[in-house]
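Subject: A structure for you to look at

Hello,

Here is the structure I promised to pass on to you. Have a look at it first, and then read on for what turned up in it.

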Amino acid sequence: MSEPGTRPMIEVRGVSKAYDGGVVRALNGIDLRVEQGEWVSLSGPSGCGKSTLLHLVAGLDSPTAGSIVVNGREIAGSAELDEYRRSELGLVFQFHYLLANFTSLQNITLAMFGNKRSRKERVAYARELLGDVGLVAKERQLPSTLSGGERQRVAIARALANDPAIILADEPTGALDSAATAVVLELLRGIQRERGVTILMVTHDPGVAAAGDRVVYMRDGQVVADAAAAHGVGAEAWRGVG
Ligand SMILES: Nc1ncnc2c1ncn2[C@@H]1O[C@H](COP(=O)(O)OP(=O)(O)O)[C@@H](O)[C@H]1O
Ligand SMILES: [Mg+2]
């Protein structure tokens, strides 16, 4: 596995996004580069454009202008976004979006729909992923019988179902208490280390942002600061732009 910093995984160049015929300018000339294996936190106040940028990188919406190259492929305007998401991305949101009538294990195996594994291999791999998030004992439980933190851990295991190169997470700890937040951040750190996964995580919380390697601060649709996150540097920079 190559070291972080050797190859760009996400390259956003000159990206703008307008809504409502230009009345709302959510993003205004964004440049952002995330290296393979790096964890970048996108932070900044509510409404600054974090989710918009993440959704564009996820191919859930398309930019008004600019280029987004992910793992060597241009996704702005691409017609193969379903395939892109399935093969490259694991998505985690503030809310878990687990299917209520399916068990933890089934929620993960269902996410493997369309991949090359046999049914038996899917179940075995889903169990392994549940083990990675510490929930093997809860494989038969429905989401409603899990705690909020446990549900989010299942959602993270589901995000890994197709071995993504990249995890895109939008406020993944936004609905969790501080203990569950710490567990989720530690899990993401382990996933980054052990699988070499690149992480782009949106959070408005400077303490959560500092869990990444680098914090990129946005304001009014622009990048206004970019700092290594070690030793609380991120939180200091946050105060600087607030
Ligand atoms: N679908 C949409 N239609 C119109 N305006 C939108 C839409 N999505 C986001 N916006 C606007 O774009 C700006 C950035 O929103 P968003 O990216 O959700 O911010 P953040 O995630 O940083 O809180 C806000 O002013 C928001 O109201
Ligand atoms: Mg948001």
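This is a predicted model: local features need pLDDT of at least 70, side-chain atom pairs count only at pLDDT 80 or more; totals for chains, interfaces and linings use all residues.

**Around the ligand**

Two elements, β2 (24–35) and α1 (50–57), each supply at least two residues of the shell around ligand 1. The largest share comes from α1, with three residues. If you want to find the whole shell, look for Tyr 19, Asp 20, Val 24, Ala 26, Ser 46, Gly 47, Cys 48, Gly 49, Lys 50, Ser 51 and Thr 52.

The average pLDDT of the protein is 92, and 93% of the residues score at least 70. One stretch to treat with care is residues 231–242, where pLDDT stays under 50. For that stretch the model has 24 contacts beyond four places in sequence.

**The nonpolar core**

In soluble globular proteins, nonpolar side chains tend to be buried together. Here, the largest nonpolar core has 64 residues. Which residues have the most contacts inside it? They are Leu 42, Val 57, Ile 167, Leu 168 and Leu 200. Helix α5 (residues 148–159) gives the largest share of this core, five residues.

Leaving aside residues up to four places away in sequence, Leu 42 touches Lys 50, Leu 53, Leu 54, Leu 200, Met 201, Val 202, Val 216 and Met 218. You have already met two of these names: Lys 50 is in the shell around ligand 1, and Leu 200 is among the core residues with the most contacts.

Tyr 97 sits in the loop between β6 (89–92) and α3 (104–110). Its phi is near 50°, a positive value in a residue other than glycine. Is Tyr 97 buried, exposed or partly exposed? Tyr 97 is partly exposed, because 13 other C-beta atoms lie within 10 Å, and a residue counts as buried with 20 or more and as exposed with 12 or fewer.

Asp 220 also has a positive phi, near 50°. You will find Asp 220 in the loop between β9 (214–219) and β10 (222–228). With 14 other C-beta atoms within 10 Å, Asp 220 is partly exposed.

Arg 195 belongs to helix α6 (residues 178–195). Arg 195 has 16 other C-beta atoms within 10 Å, so this residue is partly exposed. Arg 195 and Ala 165 are 30 residues apart in sequence, and their C-alpha atoms are 8.6 Å apart in space.

Enjoy exploring!

Best wishes

How values were computed:
Residues are numbered from 1 along each chain as its sequence is written. Chains are lettered from A and ligands numbered from 1 in the order in which they are written. pLDDT is the predictor's confidence in each residue, from 0 to 100. Two residues are in contact if their C-beta atoms, placed from the backbone, lie within 7 Å. A residue is near a molecule or strand if its C-beta atom, placed from the backbone, lies within 6 Å of it. Helices (H or I, at least four residues) and strands (E, at least two) are DSSP runs, numbered from the N terminus. A nonpolar core is a set of buried Ala, Val, Leu, Ile, Met, Phe, Trp, Tyr and Cys residues joined through C-beta atoms within 7 Å.
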